Amino acid sequence: MVQLHRPRRLRRTEALRSLVRETQLTVNDLIYPVFVMEGENQQEEIPSMPGIYRYTLDLLLKEIADAANLGINAIALFPLIATDKKDNAGTESYNPDGLVQRTIKAIKQEIPEIIVITDVALDPFSSYGHDGIVKDGEILNDETVEVLVKQAVSQAEAGADIVAPSDMMDGRIGAIRQGLDAAGYFDVGILAYSAKYASAYYGPFRDALESAPQFGDKQTYQMNPANSREAIKEVALDIAEGADIVMVKPALAYLDIICRIKEYTNLPVAAYNVSGEYAMVKAAAEKGWIDEKKIILETLTSMKRAGADLILTYFAKQVALMLQ
């Protein structure tokens, strides 16, 4: 039988497969999310995220230095805020001597080459666990945006390279860009959580920060998981308002969204391989049900193949070691 096209010809050896590989995952694609808490010389493993810890600043600096030595170029910083510092207005979020601000300064002093990306949202600082100011059970949009601007400027003053609004309030990208520019921080970038869904995959992260909502859920401001066209609308608004990078969160169940956004924009597209995705892989691996290394690499490669230029992932250090 004459068969002109035999795709298997290019799969015959590892060298051939590598030669025609369409998608290449590299350490340069990775952003490592890290958790900081008050205190000294302490680390606390997050039970729902095996291998991931909350660190006091002194130990966090060592963890980030280890990541940098593996070739990881960027970290995303998330704080565990003491209950007595939380209030409805999230005022601790823009305290110049707050945990986040002190941490940014220390990182930039000790490991200046690492890119520091900071979370802009009120939920870690809110007594209600919501991303915005609460009034009569409603999350206020414009009043929250005013606080987010103060938070972002405070982080920029401390030395943040990129601020990452994760709150999903309308208009916050434009307001933050204006606020940063007015304060002289023209070079501080904005990574917008543009298509952030009201997902069930966030549970372990909320354990890590003790920031679960105290009432209701986040469906009035995070996106409906059933919607894809709406993601393009959100991305278009964020680009028009000055975003430098747009992001999809979560990643694994939203590969189609990553693909659509990549086709829509020339901006870098980030994907967040979230805590629930991490926890499921770890749980199955602990049971011996999957090959952990192969699953991790396949999962992150799928995000890259879908169009992600950057991937926030708790697997960052593991993957960096695998790729060496």
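Biologist: What makes strand 2 (residues 43-45) and strand 3 a pair?

Modeller: Two strands pair if DSSP finds at least two bridges between them. Strand 2 and strand 3 have three, in the antiparallel sense, so they pass. One spot to look at is E44, which stands opposite R54 in strand 3. Strands here are DSSP runs of E, at least two residues long, and helices are runs of H or I, at least four, numbered from the N terminus.

Biologist: Where does this come from?

Modeller: It's a predicted model, with local features needing pLDDT of at least 70, side-chain atom pairs needing 80 or more, and totals for chains, interfaces and linings using all residues. Residues are numbered from 1 along each chain as its sequence is written, and side-chain values use heavy atoms, leaving out hydrogens and water.

Biologist: Why is S166 called buried?

Modeller: Buried means under 20% relative accessible area, exposed over 50%, partly exposed in between (1.4 Å probe, protein chains only). S166 is at 4%, so it counts as buried. You'll find S166 in the loop between strand 8 (162-165) and helix 5 (172-182).

Biologist: What makes the link between the side chains of S166 and D119 a polar contact?

Modeller: You need a pair of N or O atoms within 3.5 Å; within protein, one must be able to donate a hydrogen and the other to accept it, and residues adjacent in sequence count only if both atoms are side-chain atoms. The S166 and D119 side chains make theirs at 2.6 Å.
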